[in-house]
Amino acid sequence: MRILENKMRIGILGGGQLAMMMIQMSEKHNIDFMVVDPSDNPPASKYAQCIKSDYNDKDSLDRLIHECDIVTIDFENVPSEALKYLEKKVSVYPSSYAVEICQDRLKEKNIFNEYNIPTTEFRTVSSINDLSLAISILGTDSILKSRRMGYDGKNQITINEHSAEEAWVLSGETESILEKKVDFKTEISIIGVCPKSSETIFYPLVENFHKDGILNLSIAPYSNTKLQKLAESYHNKITKELNYTGILVIEFFLDKSGNLIANEMAPRVHNSGHWTNEGSNISQFEAHIMAIAGIDIKNISINGNSAMLNIISKMPKNISTNNNYKLYNYGKSERLNRKLGHITINNDDKKDLIKDVERISKLIF
Ligand code: ADP
Ligand code: MG
């Protein structure tokens, strides 16, 4: 543990855009940050001291222990051994236990089911035989997903486009689950911030639209009191089990009968919460830092209607921030299906917001 100085320092494993925004949006709290990331010049490295190393490099972890008061993450695929090593000597939020569950789709689905939170039907798949059996039970309208390391629709194979054998080879023959496709009306997420010792504070539900498995557009609030309460009750069950501090997000499908079906969760700030930077008095990024640092969050309120459009693969040249919208450029090199930035749009009137979204999405796609 670090000898306390008058300025708190938070270590972040992962230096992507989420770490970058946690640092940018918490400026007024007078906190120092130290980032560990294996890549060259990750987005957060412009704003904080950055150690370039693997996440399980002992020297880097020891630096976090000696030089930071708290450690957090900007993505869930950090090795849980690294978190376990850290948590013996320094406060780590979220805990290795929470992260281990969120890293593994099977553990995630099991915990949802344990708490009677509906999920789509699924089967565990460890071999071609398991897969063939699972397809015979769930049907071909199903998706094979690797248990680990999936994001932005990666490591997912749609079965009705392939034979079982092809799908198994394409999956890399890795530990997976087969899940039944949900015929959803829309997708929704709940973002809740858990302070250390008081009730979770929730943002309003967000409606999410994906393209090829990647989040394309989020719109908030998705105003539905009944669903808001239900999503909050599910979130509370999970965070109680995980003894959670900080932001946790659950993604749901809203099926055609109006049921919330839990898809997955993220033990961190989330892409569907980027609108909170302009659309709320306390952004998800600042709220996460406040919660883990033990700074009191009095209340969270939102301003009108907000939307967020992701910029994927190519950065548009003809667009810059103006009064109605704000452009974020993460400073990453262009690559197919890579998230490079986003635009937040605010409007008191929802219809006008949708018109803005349509106009601006034409400029970036
Ligand atoms: P990732 O970790 O890549 O975000 P998800 O499980 O959230 O993985 O899948 C990405 C997107 O793919 C979802 O938001 C949804 O649009 C679609 N998808 C995933 N699973 C299903 C499913 N069982 N039924 C229908 N659509 C799905
Ligand atoms: Mg997802």
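# Contacts, salt bridges and backbone of a predicted model

Reader: How many charged residues does the shell around ligand 1 have?
Author: Ligand 1 is surrounded by 20 residues, and K145, G153, E179, V182 and E187 are the closest. Strands β7, β9, β10, β14 and β15 each contribute at least two residues to this shell. Sorted by class, the shell has five nonpolar residues and six polar ones, while the number of charged residues is nine.

Reader: Which residue has a polar backbone atom 3.1 Å from a nitrogen atom of ligand 1?
Author: K145 reaches ligand 1 with its side chain, where a polar atom lies 2.7 Å from an oxygen atom of the ligand. The 3.1 Å contact, by contrast, involves a nitrogen atom of ligand 1 and a polar backbone atom, and that backbone atom belongs to K180.

Reader: Which residues coordinate the magnesium ion?
Author: The magnesium ion is ligand 2, and its coordinating atoms are OE atoms at 1.9 to 2.2 Å. These atoms come from strands β14 and β15, in two residues that stand 13 residues apart in the chain.

Reader: How many residues apart are R268 and E76?
Author: Among the 20 salt bridges in the structure is one in which the side chains of R268 and E76 meet, at 2.6 Å from N to O. R268 is in the loop between β15 and α9, whereas E76 is in the loop between β4 and α3, and the number of residues separating this pair is 192.

Reader: Why does the pair K109 and E179 tie together parts that are 70 residues apart in sequence?
Author: The side chains of K109 and E179 form a salt bridge with an N to O distance of 2.8 Å. The pair ties together parts that are 70 residues apart because K109 lies in helix α5, while E179 lies in strand β9.

Reader: Is E278 buried or partly exposed?
Author: The side chain of E278 meets that of K326 in a salt bridge, at 4.0 Å from N to O. Since K326 is in strand β17 and E278 is in helix α9, this pair ties together parts that are 48 residues apart in sequence. A residue is buried under 20% relative accessible area. E278 is at 21%, so E278 counts as partly exposed.

Reader: Which residue caps the N-terminal end of α5?
Author: Helix α5 has several buried residues, including L106, K109 and F112. At the N-terminal end of the helix, a side-chain oxygen lies 2.9 Å from the backbone nitrogen of L106, and the capping residue that supplies this oxygen is D104.

Reader: Is N41 buried or exposed?
Author: N41 is not a glycine, yet its phi is positive, at about 45°. The residue is in the loop between β2 and β3. Exposed means over 50% relative accessible area. N41 reaches 68%, so N41 counts as exposed.

Reader: Which residue is joined to P221 by a cis peptide bond?
Author: Most peptide bonds are trans. One cis bond in this model runs from Y93 to P94, with omega near 0°, and P94 is in the loop between β5 and α4. P221 is in the loop between β13 and α8. The bond there also has omega of about 0°, and the residue that this cis bond joins to P221 is A220.

How values were computed: Residues numbered from 1 in each chain as written. Chains lettered and ligands numbered in written order. Predicted model: local features only at pLDDT ≥ 70, side-chain atom pairs only at ≥ 80, totals over all residues. Heavy atoms only, no water. Helix = DSSP H or I, 4+ residues; strand = E, 2+ residues; numbered from the N terminus. Buried < 20%, exposed > 50% of the residue type's maximum accessible area, 1.4 Å probe, protein only. Near = heavy atom within 4 Å. Polar contact = N/O pair within 3.5 Å; in protein donor to acceptor, adjacent residues only side chain to side chain. Nonpolar A, V, L, I, M, F, W, Y, C, P; charged D, E, K, R; others polar. Donors = N, O, S within 2.8 Å, 3.2 Å for Na, K, Ca; no water.
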